[in-house]
Amino acid sequence: MSEHEQGTNRRPASPALGFGARLAAAMADLGPLCVGVDPHPGLLQAWGLDDSAAGLREFSSRVLEAATGRAAAIKPQVALYERHGSAGMAVLEGLLADAASAGVLTIADAKRGDIGSTMAAYADAWLSPSSPLAADAVTLSPYLGFESLRPALDLAAAHGRGVFVLALTSNPEGASVQHVGGDVSVARRIVEAAAAENAGDPVLGSVGLVVGATVGSALEDLGIDLAALNGPVLAPGLGAQGATGSDLKVTFGAAYPQVLGTSSRDILKAGPSVEALVEAIGRTLDGLR
Ligand SMILES: O=c1ccn([C@@H]2O[C@H](COP(=O)(O)O)[C@@H](O)[C@H]2O)c(=O)[nH]1
């Protein structure tokens, strides 16, 4: 990872295919799994690594090695790099660059959202080809209104990148905001706004949603039809938060082919060896197939 740490992210400026199409191809090839890269202090300790930038670097590099050619994408949790300040963010830059070189799609789990003028800066940071933090896609929070995300939607579209907008999150507290509104719930409005962005895309659109693997019957209860989204669905909550591959199939029904399950701690606890991580990835994929 060291050669990339000065911020040289060699991701193609504008890939020929959009993010949705590239993700669909990776999922067809490798299966519907994204490996979360969440270097929690407890995991670093369990792996015999320091809770330091050096520990993060070693952790990130082992997870990337295990995921390369085996998972459709990786999802670094930005908060766990941010807590190490600039040294941690430099490690994240290195991971994003190395994943690009290895041909592994990256979803930066940054959950950004702000007024449009500030959103433009967040979009530059995570989606602009010239940024050392550029990923293939970034997670966004629509709490300031879906339309406030426009700078990121536009920049992603201009450069073949994607976004995943929070719709129904995996945490139990999410319902207190996302279910509000009954037939026209907050979550349903977000899903419909994302679907409008993807309308007419011949493959899979690049405006995805986050819908937790743990949401149970919420999609049905709220009258949400994800099949109409024409975009990918990132589903956290597998393993450590209690959901299984079978839950995912029941929860998403006909929309399951567009669902990318993501698991972090349940896979990462298998470390520190790359072989054990590979085995955990295989086991998780078996549950999703
Ligand atoms: O609704 C959401 C949105 C994002 N996350 C993130 O996914 C991973 C889950 O980690 P596990 O260890 O597999 O539970 C983590 O980075 C969360 O911030 C989510 O869990 N739910």
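1. According to the UniProt annotation, from an unreviewed entry, residues 32-280 form the "domain: Orotidine 5'-phosphate decarboxylase". The model discussed here is a predicted one.

2. Next, the packing of H3 against H5. Helix H3 spans residues 53-67 and helix H5 spans residues 85-102; their axes come within 9 Å and cross at roughly 20°. Angles under 35 degrees count as roughly parallel, and H3 and H5 are therefore roughly parallel to each other. The crossing in which H3 passes H5 is right-handed. On the H3 side, the contact is made by Ala53, Leu56, Arg57, Ser60 and Leu64. The H5 side contributes Ala87, Gly88, Val91, Gly94, Leu95, Asp98, Ala99 and Ala102. Sorted by class, the contact of H3 with H5 has 8 nonpolar, 3 polar and 2 charged residues.

3. H3 also packs against H13. The angle between H3 and H13 is about 50°, and their axes are 9 Å apart. What does that angle make of the orientation of H3 and H13 to each other? H3 and H13 are therefore oblique to each other. Their crossing is right-handed. H3 takes part through Arg62, Val63, Glu65, Ala66 and Ala67, and H13 through Val274, Leu277, Val278 and Ile281. The contact of H3 with H13 divides into 7 nonpolar and 2 charged residues, with no polar ones.

4. A further helix pair is H6 with H7. Helix H6 (residues 116-127) packs on helix H7 (residues 150-158) at an angle of about 35°, and the axes are 7 Å apart. The crossing of H6 and H7 is right-handed. From H6, the residues Gly116, Met119, Ala120, Tyr122, Ala123 and Leu127 meet Arg150, Pro151, Ala152, Leu155 and Ala156 of H7. By class, the contact of H6 with H7 comprises 9 nonpolar residues, 1 polar and 1 charged.

5. Two backbone details can be checked in the coordinates. The peptide bond joining Gly271 and Pro272 is cis, with omega about 20°. Pro272 lies in the loop between helix H12 (265-268) and helix H13 (274-288).

6. Where is Lys111 placed? Lys111 is in strand E3, which covers residues 105-112.

Terms used: Residues are numbered from 1 along each chain as its sequence is written. This is a predicted model: local features need pLDDT of at least 70, side-chain atom pairs count only at pLDDT 80 or more; totals for chains, interfaces and linings use all residues. Axes are lines fitted to C-alpha atoms, for helices over the stretch in contact, and angles run from 0 to 180 degrees between N-to-C directions. Helices (H or I, at least four residues) and strands (E, at least two) are DSSP runs, numbered from the N terminus. Angles under 35 degrees count as roughly parallel, over 145 as roughly antiparallel, 65 to 115 as roughly perpendicular and the rest as oblique. A crossing is left-handed if the near helix is turned anticlockwise from the far one by less than a right angle, and right-handed if clockwise. Two residues are in contact if their C-beta atoms, placed from the backbone, lie within 7 Å. Ala, Val, Leu, Ile, Met, Phe, Trp, Tyr, Cys and Pro count as nonpolar, Asp, Glu, Lys and Arg as charged, and the others, Gly among them, as polar. UniProt positions are given in the numbering used here, feature names are shortened, and annotations may be inferred rather than shown by experiment.
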